[in-house]
Amino acid sequence: MLRAGDVPRSGGHGGDLEPGQLSKLDLSGRHVAGDPPTKEIPLHMGFYEARPGCGAVVHLHSTYATALSCLADIDPEDAIPPVTPYVVMRVGKVPLVPYTHPGSADVKPLILAKAPNHAAVLLGNGTGNLGSPVKFNIGGASAGPFSIA
């Protein structure tokens, strides 16, 4: 989701989107034009509220990140092991945000609690990476063991 109010359509895959396929939202998350937006609006809006300087949110559904988030012995304050120096330098500690039903408003307060101090979070259903520009977000998401190519 881009701060400018453009978000992927419902069921859309970010890598396959053309600009004309983006949904338009206002800053309160209300759909104002374009294709229907993703149901994950509460998640995205939580990031934007927590990080006013954030230019984009990249929410991925990596098989590995999802599996990692389900481990019983995961450290909820540092869920991604620092396996490369790049992860440490660019992403830092990645806290776990407990699972909520996709699209649930229950995720927003969980994001608001973690996002102000973290560049990325591990969600119960994938990863969320935030910042600006979008190119950095995707790069940050691909830096860890939670991404797939």
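Analyst: Lysine 114 counts as buried, because its relative accessibility is 18% and buried means under 20% relative accessible area, exposed over 50%, partly exposed in between (1.4 Å probe, protein chains only). This is a predicted model: local features need pLDDT of at least 70, side-chain atom pairs count only at pLDDT 80 or more, and totals for chains, interfaces and linings use all residues. Residues are numbered from 1 along each chain as its sequence is written, and side-chain values use heavy atoms, with hydrogens and water left out.

User: Which residue meets lysine 114 in a salt bridge?

Analyst: A salt bridge is a side-chain nitrogen of Lys or Arg within 4 Å of a carboxyl oxygen of Asp or Glu. Lysine 114 lies in helix H4, and its partner sits 37 residues away, in the loop between helix H2 (63-69) and helix H3 (85-91). Helices (H or I, at least four residues) and strands (E, at least two) are DSSP runs, numbered from the N terminus. The N to O distance is 2.9 Å, and the partner is glutamate 77.

User: Is glutamate 77 buried, partly exposed or exposed?

Analyst: The relative accessible area of glutamate 77 is 42%. Glutamate 77 is therefore partly exposed.

User: How many residues apart in sequence are the parts that glutamate 49 and lysine 108 tie together?

Analyst: These two side chains form a salt bridge, with the closest N and O atoms 3.0 Å apart. Glutamate 49 is partly exposed at 49%, and lysine 108 is partly exposed at 26%. Glutamate 49 belongs to helix H1 and lysine 108 to helix H4, so the pair joins parts separated in sequence by 59 residues.

User: With which residue does arginine 30 form a salt bridge?

Analyst: The whole structure has three salt bridges. Arginine 30 is exposed at 52% relative accessibility. Its closest N and O atoms to the partner are 3.2 Å apart, and that partner is aspartate 26.

User: Which residues does leucine 43 touch?

Analyst: Contact means heavy atoms within 4.5 Å. Residues up to four places away in sequence are not counted. On that basis, leucine 43 touches His59, Val107, Ile111 and Leu123.

User: What is the C-alpha separation of alanine 105 and proline 42?

Analyst: Alanine 105 lies in the loop between strand S5 (96-97) and helix H4 (107-114). Alanine 105 counts as exposed, at 53% relative accessibility. Proline 42 is 63 residues away along the chain, yet the two C-alpha atoms are separated by 5.4 Å.

User: What percentage of the chain do buried residues make up?

Analyst: The chain has five helices and seven strands. Among contacts with a separation of 6 or more, 58% join residues 24 or more positions apart. Of the 149 residues in the chain, the buried share is 45%.
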